[in-house]
2 protein chains.
Amino acid sequence: MQKSAISPTRQENYPEWYQQVISEADLAEVSPVRGCMVIKPWGYAIWERLQKILDARLKDTGHVNAYFPLLIPLSQLEREAKHIEGFAKECAVVTHHRLISDGEGGLKPDGTLEEPYVIRPTSETIIGTMYSKWIQSYRDLPVLLNQWANVMRWEMRTRLFLRTSEFLWQEGHTAHATAEEAVEETLKILELYRCFVEGVLAMPVIVGEKTEGERFPGAVNTYCMEAMMQDGKALQAGTSHFLGQNFAKGYDIQFTDQQGQIQHVWTTSWGVSTRLIGGLIMTHSDDNGLVLPPQLAPHQIVILPIYKKEEDKHRVLSFCKDLQEKLHALNWRDERLRVHVDMRDIAGGEKNWQWIKKGVPVRLEIGPRDIADNAVSLYRRDQAVKERHNTAVAELSLMLPTLLEEIQCGLFTRAEKYRHDHSVHIQNLKEFNAYFEEKNEGITGFAHCYAVDSPEVEQYLKPLKVSARCIPLEQDGKEGVCIFTGTKTRNKVVFARAY
Amino acid sequence: MQKSAISPTRQENYPEWYQQVISEADLAEVSPVRGCMVIKPWGYAIWERLQKILDARLKDTGHVNAYFPLLIPLSQLEREAKHIEGFAKECAVVTHHRLISDGEGGLKPDGTLEEPYVIRPTSETIIGTMYSKWIQSYRDLPVLLNQWANVMRWEMRTRLFLRTSEFLWQEGHTAHATAEEAVEETLKILELYRCFVEGVLAMPVIVGEKTEGERFPGAVNTYCMEAMMQDGKALQAGTSHFLGQNFAKGYDIQFTDQQGQIQHVWTTSWGVSTRLIGGLIMTHSDDNGLVLPPQLAPHQIVILPIYKKEEDKHRVLSFCKDLQEKLHALNWRDERLRVHVDMRDIAGGEKNWQWIKKGVPVRLEIGPRDIADNAVSLYRRDQAVKERHNTAVAELSLMLPTLLEEIQCGLFTRAEKYRHDHSVHIQNLKEFNAYFEEKNEGITGFAHCYAVDSPEVEQYLKPLKVSARCIPLEQDGKEGVCIFTGTKTRNKVVFARAY
């Protein structure tokens, strides 16, 4: 029997398995700064891939990047009441601007600021302040800006990638002349996110609207995508908010319309973050470690030279380098293949396992015998570790792009099946309670039930530690009865435990 | 006479001209956050170009990206004495982790942190702490990491791009087994920076070593590149530091060498920042606004459709779109040409001036008559605004890449000549004093003189507001006499006023 690379397995201890996958793939680790992580090179390379692809798509839809200050003056934060209420409990506050000796060999803060600053938990407030200066006329609209930045929310319980005090994200902020146009933007981005997450991260998501209690502080509507992890829990993978005129009124963002009337603009905001990497890990990885979809993998193909005798070394290495060059010239999904040769002088088995645990989609082992046959031993990360495909070198050019496409789509299909197998349609409260009972030993996933959006339902859910994940945009239009309140409704809602 | 687009001109008021160039090109503006700027889309697009090219070069030389926390615990900062001494006066300090009501409708900081945090002014300390965990053996070396991040230094006098409290940069941090290897890395990066800044930004620089008083806090040697602005002042455009074992000792970064001995590693750090954009502006721009080197320009070519009659509109626009597509397929310096068509329905003159002020290298005006002739009116940003080149469309494919190369190199040559014309070789103190006299009405540039690196010289320079910019790496090897102390030396030093 093959030894598992990750201990414990998913079944033995899912949260600990998650930590081990991250640690064995060398993606990130905790830092001495409370709740903040260090993103290590392999983890950051995944983030860079993600950034590159998403950034191009945002630009293709007319968005441009800008950069706004890290710090927000307290007085500015206060201008949208619900917004600040939502973030006040988790703000890092800057109160001093220098350090002086504490007289005991250490240092202490000095130079009290007249007005404290908060490290941005999100940038609606500072961006709104600038928009009120920039926007005067309907000719200035729409404003379609995006920012790649770090943000800070002082979290009490943190977990690498999924919830950290500091995280990296992109935040889009747009302003429009009409409500219709702003709603359209909100939904356009939601769809762009869905295509990106399903197509590139191979993570199936349900897109829908948040219930009132789960809305972004200050938003009129919050739309989201929800993905299912392998423990059945939901992960909110991204959000898109229609902010109405709430921030426009709080920050005096007004324009003269074509009729000469002064009006408030309509704004949106939307973001995805390094949290996506947590979702990626929990969606595809197995008991051997990380599994990366080819479009996101920093190396899609790793070539592993195998030789025992010193006299074979040169021949094997140069064969591998030549092959790498050949493969680099190939295209898949409009990009050159990313091929790495691992030339390090360490044991072959150790090398091989390192790349398995790092999730590289395809491994090519090449030894003296393969060279004699002009062939390689090909291994796929989405198959069993020892499932070997003897492949002629001449075939690789034609077959690798197809293979990457197959792996990419296969991961999506597998995840979609997993979600399907762990979703239920529930007709009444008794079934609902049984499904979410703590002693249920199987995996509890998504429960779809008729429900209304009311505080009463939220009160009911709290002790169960279950939440309404979203009201899916796609509904069959049939009428049913809310399992909590008995009210008639056409909406089915997705309920789950969540990260 | 052509009206100048920027008022005042460089000669009338250089600092105010600089602000106006930024404002008219819509690059950035001040924010309500003390000393922090907002980088607007055109400015940020330039930064993205710069990032993309430099990042690729750093990766080509074996460096990988990672991300470390924004906040640094006070106790960690204290472990390298000279380092903290250098930064203590300008640190933003986080002391609280939430906000509560102040009872008067406002908010106040609450939740005092046990240990305050500082927003990173640079990351040697937090990265050193991680390196001490990661590095155990000579097999773990070298570590070649880079980080793209925001940093914060509480500056009292700020100026857009050149000196802001928050700025964006890349900071490289490497660890090596030997001093030789670390010095080699320090100089390799200095050379990489020089090639990048001279080749891409078209900014000539003098590379050299900083004198002791100008060294990075905690470094053994600081190397830098110094550029000359059009007012003759020097701008430090980037630095590369050999840190010796100072940080390795402060942060316990040790490894077991091949002989089994435990040793401290040798580290380096190096960075360039958004300050480069300030340097770029001050090097090339003229009294009509920004001038961008083609390799850095977000649009290299802007097509301006010209029509007066509504019936011409469709024909002109579709001709322009077709031409854009044709030009997009062209390559220059291994990248596709970046061509924009300005379809906006505003007056032609206004449009034209906007792109002049934004520094676009080439403008193509196309009207009904041009279409009839199958020609365009080509204007170069490095020539007079009205200098028109009637060019056949058929010629464009062959001539545009050559033209961009000519503009790119021409900007460099012009800047180099400017520097040459404003540099002097000075033999004695009397000449030196006369050169740097306040009442000198010409442009005071770089003074090259024999000098030693001593506190005595620095004391002498202070009241003149002049500093030793660097000891150039390139020296003719002849011996001379320090103009300040009379000591014999083989080093000429560059002196200037500086930003």
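Me: Which residues of α6(A) are buried, and what covers them?

Reply: This is a predicted model, in which local features need pLDDT of at least 70 and side-chain atom pairs count only at pLDDT 80 or more, while totals for chains, interfaces and linings use all residues. Residues are numbered from 1 along each chain as its sequence is written, and chains are lettered from A and ligands numbered from 1 in the order in which they are written.

A residue counts as buried if 20 or more other C-beta atoms lie within 10 Å of its own, as exposed if 12 or fewer do, and as partly exposed in between, with C-beta atoms placed from the backbone. By that rule the buried residues of α6(A) are Ala182(A), Glu185(A), Thr186(A), Ile189(A), Leu190(A), Leu192(A), Tyr193(A), Phe196(A) and Val197(A). They sit on the same side of α6(A), because the arc they cover around the axis is only 160°. The arc is that of the directions from the helix axis to the C-beta atoms. An α-helix has 3.6 residues a turn, so residues three or four places apart point the same way. The face turned away from the buried side carries the exposed residues Glu180(A) and Cys195(A).

The cover over the buried residues of α6(A) includes α2 (41-60), β8 (166-176), β9, β10 (221-228), β11 (234-244) and β14 (266-273) of chain A. Contact here means that the C-beta atoms of two residues, placed from the backbone, lie within 7 Å.

Several of these strands belong to one sheet. The strands β8, β14, β11, β10 and β9 are among the eleven of an open sheet of chain A with mixed pairing, in the order β3-β7-β8-β14-β11-β10-β9-β24-β27-β23-β22. At its edges stand β3 (64-65) and β22 (423-425) of chain A, each with a single partner strand, so one side of each has no neighbour in the sheet. Two strands are taken to pair if DSSP finds at least two bridges between them. Within the sheet, β11(A) and β14(A) run antiparallel and are joined by five bridges; Thr239(A) stands opposite Gly271(A) in β14(A).

Ala202(A) lies in the loop between α6 (179-199) and β9 (206-209) of chain A. Its phi is positive, about 55°, although Ala202(A) is not a glycine. Most residues other than glycine have a negative phi, and most peptide bonds are trans. Ala202(A) is buried, with 26 other C-beta atoms within 10 Å.

In chain B, Ala202(B) is placed in the loop between α6 (179-199) and β9 (206-209) and has a positive phi of about 60°. Ala202(B) is buried, again with 26 other C-beta atoms within 10 Å. Met203(B) belongs to the loop between α6 and β9 of chain B and is buried, with 28 other C-beta atoms within 10 Å. Leaving out residues up to four places away in sequence, Met203(B) touches Val197(B), Glu198(B), Ala227(B), Ala237(B), Gly279(B), Leu280(B), Thr283(B) and Ala415(B).

Chain A is divided into domain 1 (14-284), domain 2 (301-417) and domain 3 (423-496), with bounds from an automatic or database domain assignment. The centres of domain 2 and domain 3 of chain A, taken over C-alpha atoms, are 46 Å apart.

The contact between the chains takes 48 residues from chain A and 48 residues from chain B. On the side of chain A, the largest share, eight residues, comes from strand β5 (residues 93-101). Strand β5(A) pairs with strand β5 (residues 93-101) of chain B in the antiparallel sense over three bridges, and Val93(A) has His96(B) as its bridge partner.

Technical notes
Helices (H or I, at least four residues) and strands (E, at least two) are DSSP runs, numbered from the N terminus.
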